Amino acid sequence: MRAARLIKMVLLLQSRALMTGAELAEELEVSERTVARDVLALSEAGVPIYADRGRAGGYRLIGGYRTRLTGLGRTEAEALFLSGVPSALREMGLADAASAARLKVSAALLPELSDAADGAAQRFHLDAPGWFHAPSAPEMLPVIADAVWDDRRLTARYRRGGGEVERELEPYGLVLKAGVWYLAARVDASWRVYRVDRFTAVEPSGERFERDASFELPAFWADRAADFRRSILHAEVVLRLSERGARLLPRRTDPGTARESIAAAADPDPRGWITVTLPVETLDVAYEQLLGLGPECEVIEPPALRARMAEALAQAAALYA
């Protein structure tokens with residue numbers, strides 16, 4: 001415990017030119033008297049810590065005592081501080097580890113790169129959760145994250161339909177998509193994806209598994225996301241879209257599917273309108289989505305959806321008559 005505290009003190013003093021005893025005590029969560037004893041211990045061990053007396057005094061390292069990451073340029077150093085999403089690290093229980101890593105990197109950077117962390121933080125903020133949803137960390141996430149790190153099998157209970165199922169999982173990776181956590185796992189030699197918030201119980205088995213060296217999480221997720229998108233599209237509608245309607249369609253429906261449909265459309269008519277065939281989840285979902293396009297979209301087929309749209313727009317027109 002004390003050894004870790006002494007190392008942290010050195011790293012703090014490497015990353016900052018001067019720190020008071022009170023500042024060190026607050027960072028290390030100890031008393032100023034303990035800070036003084038730790039400084040003495042480091043000095044006796046050969047670490048060149050110097051104490052400046054007076055109101056503006058404090059502790060600092062002298063003699064160029066520093067380990068430097070001399071191979072890093074400014075852009076590379078700033079990119080390091082952007083790797084990872086802070087909220088995601090907190091939810092996985094890795095906030096302290098990430099903080100310690102940033103501190104170590106800051107302490108080891110060349111003096112002219114010491115502002116890299118602040119420069120990146122003031123220019124970029126990664127906010128993973130989607131709009132209009134209160135962020136909440138799944139209860140089982142830290143345990144699952146530990147198992148992913150250690151390649152340890154899990155015994156898990158999972159909500160499916162109206163009941164629960166129990167599975168032995170090999171947890172390969174975690175994905176945060178629009179504020180929702182997913183687990184990529186191997187079960188009985190097949191690959192599955194689970195929503196983490198649907199696990200009701202998770203117990204590490206203590207047994208480690210050998211990872212498939214060919215598994216690549218980004219590629220796996222991209223394939224599964226594309227499969228999922230295609231799997232939920234069970235119907236088709238034919239639309240006429242104005243130029244503005246074509247621009248708005250990817251915002252109202254699945255963006256990838258909308259862009260593919262627009263790209264496959266024939267040339268615009270003399271008014272600039274195009275006709276597209278759009279795969280949709282259901283006609284009810286299409287009705288809700290397409291109403292938002294108003295007069296920029298005309299439903300051609302199927303007739304039932306066209307009639308429903310016409311009725312809704314006629315009622316809207318009557319309200320403003």
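Asp-151 and Arg-211 form a salt bridge in this predicted model, with their closest N and O atoms 3.3 Å apart, where a salt bridge is a side-chain nitrogen of Lys or Arg within 4 Å of a carboxyl oxygen of Asp or Glu. Asp-151 lies in the loop between helix H8 (141-150) and strand E3 (152-160), and Arg-211 in the loop between E7 and helix H9 (217-231), so the pair ties together parts that are 60 residues apart in sequence. Helices (H or I, at least four residues) and strands (E, at least two) are DSSP runs, numbered from the N terminus.

Because the model is predicted, local features need pLDDT of at least 70 and side-chain atom pairs count only at pLDDT 80 or more, whereas totals for chains, interfaces and linings use all residues. Residues are numbered from 1 along each chain as its sequence is written, and side-chain values use heavy atoms, with hydrogens and water left out.

**Salt bridges**

- Asp-151 counts as buried, at 17% relative accessibility, while Arg-211 is partly exposed, with a relative accessible area of 32%; buried means under 20% relative accessible area, exposed over 50%, and partly exposed in between (1.4 Å probe, protein chains only).
- Arg-240 and Glu-298 meet through their side chains in a salt bridge of 2.8 Å, N to O, and this pair links distant parts of the chain, with Arg-240 in strand E8 and Glu-298 in strand E10, 58 residues apart.
- Of these two residues, Arg-240 counts as buried at 18% relative accessibility, whereas Glu-298 counts as partly exposed at 26%.
- Arg-157 forms a salt bridge with Glu-164, the closest N and O atoms being 3.0 Å apart; Arg-157 is partly exposed, with a relative accessible area of 30%, and Glu-164 is also partly exposed, at 40%.
- A network of salt bridges links Arg-153, Glu-170, Arg-186 and Glu-207, and a search of the whole structure finds 14 salt bridges.

**The sheet of E8, E9 and E10**

- Three strands form an open sheet in the order E9-E8-E10, with antiparallel pairing; two strands pair if DSSP finds at least two bridges between them.
- E9 and E10 stand at the edges, each with a single partner strand, so one side of each is left without a neighbour in the sheet.
- Neighbouring strands of this sheet are turned by 35 degrees against each other on average, direction ignored.
- E8 and E10 pair in the antiparallel sense over four bridges, and Leu-239 stands opposite Val-299 in E10.
- H10 lies across E8 and E9, running at about 145 degrees to E8, whereas H12 lies across E8, E9 and E10 and runs at about 25 degrees to E8; axes are lines fitted to C-alpha atoms, for helices over the stretch in contact, and angles run from 0 to 180 degrees between N-to-C directions.

**Nonpolar cores**

- In soluble globular proteins, nonpolar side chains tend to be buried together.
- A nonpolar core is a set of buried Ala, Val, Leu, Ile, Met, Phe, Trp, Tyr and Cys residues joined through side-chain atoms within 4.5 Å, and in the largest one, of 21 residues, those that touch the most other members are Val-237, Leu-239, Leu-241, Leu-249, Leu-290, Leu-293 and Leu-305.
- The elements that give two or more residues to this core are strand E8 (235-241), helix H10 (243-252), strand E9 (274-280), helix H12 (283-291), strand E10 (297-301) and helix H13 (303-320), and E9 gives the most, with four residues.
- Apart from this core lies another, of 20 residues, among them Leu-141, Ala-145, Val-165 and Val-196.

**Two buried residues**

- Val-196, in the loop between strand E6 (190-195) and strand E7 (199-208), counts as buried at 1% relative accessibility.
- Leaving aside neighbours within four places in sequence, Val-196 is in contact (heavy atoms within 4.5 Å) with residues including Pro-138, Leu-141, Trp-181 and Leu-183; the C-alpha atoms of Val-196 and Leu-183, 13 residues apart along the chain, are separated by 6.2 Å.
- Asp-38, found in helix H3 (residues 32-44), likewise counts as buried at 1% relative accessibility, and Asp-38 touches Arg-2, Arg-5, Leu-6 and Met-9, not counting residues up to four places away in sequence.

**Whole protein**

- The protein has 13 helices and 10 strands, and 35% of its 321 residues count as buried.
- Of the contacts with a separation of 6 or more, 64% are accounted for by residues 24 or more positions apart.
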